[in-house]
Amino acid sequence: MTHLLVRAARGERTERPPVWLMRQAGRHIPEYRDIRADYTFREAIETPEVATRITLLPWDLYEPDGLVMFSDILTVLEPLGFDYHIESGVGPVVENPVEGPEDAERPRGDVATDLDFVGALLDNLVDRVGDETAIIGFAGGPFTLASYAVAGGTSRNHGPVRRLRARHPEAFRTLLAAFADVVREYLEYQAAHGADVVQLFDTYAGVLSPADYREFVLPLHREILSDLSVPSIVFVRNMNGRLDSLETTGADVVGLDWTVDMAEARAQLGDRPVQGNLDPQYLFGSPEFVREKTRDIIDAAGPRGHILNLGHGVNRDTPVESVKAFVETAKSISR
């Protein structure tokens, strides 16, 4: 069976747009909060049975055309010898961050061994719903991962990693290359365990200057994404006006954040499939408002090569009714 989402990712005309949401199995679902009360975040993502239950929550509620595995972009830190945890009210904390250029050379673990819980999760999902919906894997991109690794967590405007680039450009290059090597292997590992589509979240790379993105990051995106065994999606926030760079990453689909005009993107990218791009804050409007704005995006994207999604992840307080309106609007389309 070729799922609707896979067909759209290949640029085919579809009878309606496939739909899923980034961060769809998260904190906006009450049952998620109930499950998480018994587990730390890392316990939840590293226990396949628990991660499977959480991944399936949006299937029970919305039946989207893609189920994105419940995991985190920071799992890829583990094969490179970083320790991290999620601190309530703070976010990710890297316990042994990059403190100088000497830390850019990283030990290299084995992805299949260090991240075997992800393979087990994907195996579970294929067994449970693999015939009914597409399974989506993902990984963080090299710049985004490096931002966390250098800052030791979240950082304002990603200053620490940008300072590393200014002071020690070769160490910056070495660190990003280490992440790219592991990420490529990790995405292929996900495909081998049944992921139908994979997405690269280099969300923060848009803070780089265009020249720095082209020099340091774009070649690594090409290395990661070119010739993967399953269709791929690239997502970088704040790239409005620079979509031509994303088009050359080797990804099959260009993810668009909400700052991009869908019609203009389609005109610029031509036949390249796209994903997106409803403003996540629109889901706080009435269901009627959500349906109206969702239809606008569907109309602007056209009947070929469009995966309906938000322009970023679902916010934690988003009403379930609004997400239902979003998904149901896509399913109501008949072409």
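Student: Is Asn238 buried, partly exposed or exposed?
Tutor: Take the cut-offs: buried means under 20% relative accessible area, exposed means over 50%, and partly exposed lies in between, with a 1.4 Å probe and protein chains only. The relative accessible area of Asn238 is 44%. Therefore Asn238 is partly exposed.

Student: What kind of model is this, and which pLDDT must side-chain atom pairs reach to count?
Tutor: Residues are numbered from 1 along each chain as its sequence is written, and side-chain values use heavy atoms, without hydrogens and water. This is a predicted model, where local features need pLDDT of at least 70, totals for chains, interfaces and linings use all residues, and side-chain atom pairs need pLDDT 80 or more.

Student: Where in the fold is Asn238, and what is its phi?
Tutor: Helices (H or I, at least four residues) and strands (E, at least two) are DSSP runs, numbered from the N terminus. Asn238 is in the loop between strand E6 (232-235) and helix H11 (243-247). Asn238 is not a glycine, but its phi is positive, near 65°.

Student: Which value does phi take in His158?
Tutor: His158 belongs to the loop between helix H7 (142-151) and helix H8 (159-167). His158 is buried because its relative accessible area is 9%. This residue is not a glycine, yet its phi is positive, at about 55°.

Student: Which residue does a cis peptide bond join to Gly276?
Tutor: Omega of that bond is about -5°.

Student: How does the radius of gyration fit a compact globule, and what is its value?
Tutor: The radius is taken over C-alpha atoms, and the globule rule is 2.2 Å times the number of residues to the power 0.38. For 335 residues the rule gives a value near 20 Å, so the protein agrees with it, having 19 Å.

Student: What share of the residues is buried?
Tutor: The fold has 14 helices and nine strands. Along the principal axes, its C-alpha atoms fill a box of roughly 55 × 45 × 35 Å. Of the 335 residues, the buried share is 58%.

Student: How far is the C-alpha atom of Val254 from that of Glu223?
Tutor: Val254 sits in strand E7 (residues 253-255). Val254 is buried because its relative accessible area is 0%. Glu223 lies 31 residues away along the chain, and the C-alpha separation is 16 Å.

Student: How many residues apart are Arg42 and Glu78?
Tutor: Their side chains meet in a salt bridge, 3.3 Å from N to O. The pair links distant parts of the chain: Arg42 is in helix H3 (residues 41-46), Glu78 is in the loop between strand E1 (66-68) and strand E2 (84-87), and the separation is 36 residues.

Student: Which residues form the positive surface patch?
Tutor: Patch members have over 30% relative accessible area and no salt bridge; like charges are joined within 9 Å, nonpolar side chains (Val, Leu, Ile, Met, Phe, Trp, Tyr) within 5 Å. Areas come from the Shrake-Rupley method with a 1.4 Å probe, and for residues only the protein chains shown count as cover. Lys and Arg count as positive, Asp and Glu as negative, while His and the chain ends are not counted; a charge is placed at NZ of Lys, CZ of Arg, CG of Asp or CD of Glu. The positive patch is formed by Arg23, Arg27, Arg33 and Arg316.

Student: Where is Arg33?
Tutor: Arg33 counts as partly exposed because its relative accessibility is 42%. Its place is helix H2 (residues 30-36).

Student: Which residues gather in the negative patch?
Tutor: One of them, Glu132, lies in the loop between helix H6 (116-129) and strand E4 (134-140). Glu132 counts as exposed because its relative accessibility is 52%. The negative patch gathers Glu31, Asp34, Asp38, Asp60, Glu63, Asp131 and Glu132.

Technical notes
A salt bridge is a side-chain nitrogen of Lys or Arg within 4 Å of a carboxyl oxygen of Asp or Glu.
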